[in-house]
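Here's a quick briefing for anyone opening this model for the first time. Take a look at the sequence and structure below, then read on.

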Amino acid sequence: MTMQTDGIHHITAIVGNPQENVDFYAGILGLRLVKKTVNFDDPGTYHLYFGDGGGKPGTIMTFFPWPDAYRGRVGSGQVGTTTFVVPEKALPFWEERLLKYNVEYKKTIRFQEEYLEFLDPHGLQLEIVARNEGEDSGWSFGEVTPEHAIKGFGGAVLLSASPHQTSKVLTQVMGLKEIGQDGDYLRFQANSDLGNLIDIKLSPEVRGVSGVGTVHHIAWRAKSYEDHEKWQEHVKVNDFPVTEIIDRQYFNAIYFREEGQILFEIATDPPGFTRDETEDELGKSLLLPPWLEPHREQIQSHLLPAEVRILEEDK
Ligand code: ZN
């Protein structure tokens, strides 16, 4: 059986203070906070989801903000860099914006494309690339207007403990196509126009340590619930221990660790973020799954503020 994912569904990372997280991703990067909920496995902390205007798969960056947690180390067995894609010709706007907010960046070239590389306030490695493909975000915030707004993920750079094994998993299990090599990087492509270009860095890296400033897992897209069951079977047949199907409210999920030690999830496109609030209301209030709703007061009393606000420099 061959199966092909449409690319990245979401990427989840561990960060520090939640308000700093919201100010950076909504305030500076102009993403929409599409869901404010808690970590279902640890309801004392938030799970914040950012994306494009509609919060569609391929645009969703999610965070567990743990203000008191230890700093991690970016290294092998992790997604090293998360790539956001902006419309063609929007790169100068983003250079100016990063300068305005004193976010240090450097320009790099990979596969003949120019990237702006920078860190978020908690050390997470990010980059921005401009491409024609991919639907515009349909969202604007502060001075980030729709013609400049981040469309979603361009892709990601994987730091594998075993790059050639991870390459095999991408092609043989996930159904991506290997499309080229540029120096230290192998590039893979999925059949979609967002979250579709995955690079594997070939040179060895120190081993990553999970903690603040690191990616926890990368999730790939399954089109439907039926497709998802097939994925679970497909992963099993390829000899990876895979979890049961877990209901994450906004998608169903399965998880497995590939041989390069990176935690992979496969998540369904449905039902999406309008499952429990309307598109207009996305992200405005704290949403809890039915089993946590009885504990709302107690949960809320432990959460720090995390409000979307226009930053001073944009007023
Ligand atoms: Zn996930």
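Of the contacts in the chain with a separation of 6 or more, 69% come from residues 24 or more positions apart; contact here means heavy atoms within 4.5 Å. Keep in mind that this is a predicted model, where local features need pLDDT of at least 70, side-chain atom pairs count only at pLDDT 80 or more, and totals for chains, interfaces and linings use all residues. Residues are numbered from 1 along each chain as its sequence is written, and side-chain values use heavy atoms, with hydrogens and water left out.

**The overall picture**

- The chain holds 5 helices and 16 strands; these are DSSP runs numbered from the N terminus, with helices (H or I) of at least four residues and strands (E) of at least two.
- Along its principal axes, the C-alpha trace spans about 50 × 45 × 35 Å.
- Buried residues make up 59% of the 315 in the chain. Buried means under 20% relative accessible area, exposed means over 50%, and partly exposed is in between (1.4 Å probe, protein chains only).

**The zinc site**

- Three residues give the zinc ion its protein donors: His10 (NE2), His217 (NE2) and Glu265 (OE), at 1.9 to 2.0 Å. Donors are N, O and S atoms within 2.8 Å of the metal (3.2 Å for Na, K and Ca), and water is not among the atoms, so sites may look incomplete.
- Written as a pattern, the donor spacing in sequence is H-x206-H-x47-E.
- His217 sits in strand E13 (residues 214–222) and Glu265 in strand E16 (residues 263–271), so this pair, 48 residues apart, links distant parts of the chain.
- His217 counts as buried because its relative accessibility is 5%, and Glu265 is buried too, at 0%.

**Strand E16 and its partners**

- E16 is largely enclosed by the rest of the structure, because 7 of its 9 residues are buried.
- E13 runs parallel to E16, and 5 bridges join them; two strands pair if DSSP finds at least two bridges between them.
- Ala222 stands opposite Thr268 of E16.
- E15 pairs with E16 in the antiparallel sense, over 6 bridges, and Phe256 has Phe264 in E16 as its bridge partner.
- Pro270 and Pro271 are joined by a cis peptide bond, with omega about 0°; Pro271 is placed in E16.

**Two positive phi angles**

- Gln261 isn't a glycine, yet its phi is positive, at about 75°. Gln261 lies in the loop between strand E15 (251–257) and E16, and that hairpin has 5 residues between the strands.
- Gln261 counts as partly exposed because its relative accessibility is 42%.
- Asn102 isn't a glycine either, and has a positive phi of about 55°. Asn102 is found in the loop between helix H2 (91–100) and strand E6 (105–110).
- With 72% relative accessibility, Asn102 counts as exposed.
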